[in-house]
Amino acid sequence: MFAVHAQTAPAAPGPKADAGNTVKIGIIGPFTGPSADFGVPMLNGIQQAVDEINAGGGYLGQKIEIVRKDDEGNPAVGLKRSQELVAEKVIATIGFCNTGVADKSLEVFQRNTLPLIIPCATGSPLTTRYPGPDSYIFRTSAKDGIQAPFVVDDILKRGWNKVAVFADTTGYGEAGLKDVESALAAKKLKPVYVARFGLGVKDLSEELKAAREAGANVVFSYAVGPESAVVARSRQALKWNVPQVGAWPLSFPFFIDGAKEAGEGALMAQTFIAEPSNERRSSFLTSYARKFKVNRIPVPMAAAQGYDAVYILTYSLFGIRDGKLTGPAVKTALENIKRTYYGVVATYEQPFSAQDKDAVTQNMLVMGMVKNGAITFAYPEDAKRNLFVQRKQ
């Protein structure tokens, strides 16, 4: 696949590859622990892309080498591992699944002028911490600032306008709550009830009773872990038959498997649904299944977004004319990619700029639904639209 792209990319003079000479890219994420559900698919998607690129000749004859660090979903561990990546002189890093973990480490990458591409974490503040032209923080996942209004638009179309928000107390839940409140405020609405809860909570019946008494007709959950499944099970136990909606974690195994029948019909924003709706996606899914010997990707979005991030980064490197892969040079190259990358999630035509570090826009989203323990399209029209890969707007 990549050999074709590499031949059409602009020629860039650079050092000849010596024996064993590699281009080192850092990869960081939760490969063990509770968040491994999406950390491992992200890593696999990245590995899949790297192997394809290396099979096609790598970058100017140099193999891409992954320097992998497990942040365990822990902010303190993530900070230490990020510092290790700087010390190991990677040219850029792809990673982070948890907003709170990423947030703790952003300064390491910014201070050391080391580009970071976030393929999973969605907290809106991650790409706004630093002024656009100065920022070394890029992202190929859909920030909550577009997921929340997308879901709010959908539920209002369905007539669900009395929203109860259930958000955990992590950085992810905090940022997500603000995004939902902002999306509702844009429609001149407020949540009728807001519940906050810590990680590990086992029962939310009292909070759901309060939401029901407040007149809620939909529950919007924002939780980074299995707590969204607790919302579903507690709601089922109360026999309160209102819909549950949310951002992409409602597509994770810890929700689907944890909620079981209580999670059926849940709705969430998605950039990628694992159905072979076009040739690119079919090829990606087939290759992933064969390479990692699985019938089903636990979190397809994480795999697809990680995969695309590698290609976007590699495409950018061909814009560095002197072959010197310094942090500032890679940053500038990412902001000025000349070639269109026909990706799995989207068609990336100038995914980044000096001002805009988010590659995904709201038009790329579709509504997913839990059905029979898997994620499918909520609307037939989304399935049809998904035949055509979207471009950034």
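User: Hi! Which residues does Leu313 touch, not counting residues up to four places away in sequence?
Analyst: Leu313 touches Ile25, Ala92, Ile94, Ile117, Val330 and Leu334. Touching, or contact, means heavy atoms within 4.5 Å. This is a predicted model, where local features need pLDDT of at least 70 and side-chain atom pairs count only at pLDDT 80 or more, while totals for chains, interfaces and linings use all residues. Residues are numbered from 1 along each chain as its sequence is written, and side-chain values use heavy atoms, with hydrogens and water left out.

User: Which residues touch the most other members of the largest nonpolar core?
Analyst: Leu313 is one of them, along with Ile94, Trp248, Phe255 and Phe284, in a core of 97 residues. Such a core is a set of buried (under 20% relative accessible area, 1.4 Å probe, protein chains only) Ala, Val, Leu, Ile, Met, Phe, Trp, Tyr and Cys residues joined through side-chain atoms within 4.5 Å.

User: And which helix gives the most to this core?
Analyst: Helix α11, residues 300-317, with 12 residues. Another core, of 17 residues, lies apart from it and includes Ile28 and Phe109.

User: Switching topic: what is the strand order in the sheet?
Analyst: The open sheet runs β2-β1-β3-β4-β5, with parallel pairing. Strands are DSSP runs (E, at least two residues), numbered from the N terminus, and helices are runs of H or I, at least four. Two strands pair if DSSP finds at least two bridges between them.

User: Which ones are the edge strands?
Analyst: β2 (63-70) and β5 (137-139), each pairing on one side only.

User: How many bridges join β1 and β3?
Analyst: There are 4, between residues 22-29 and 92-95. Ile25 has Ala92 as its bridge partner in β3.

Methods:
Buried < 20%, exposed > 50% of the residue type's maximum accessible area, 1.4 Å probe, protein only.
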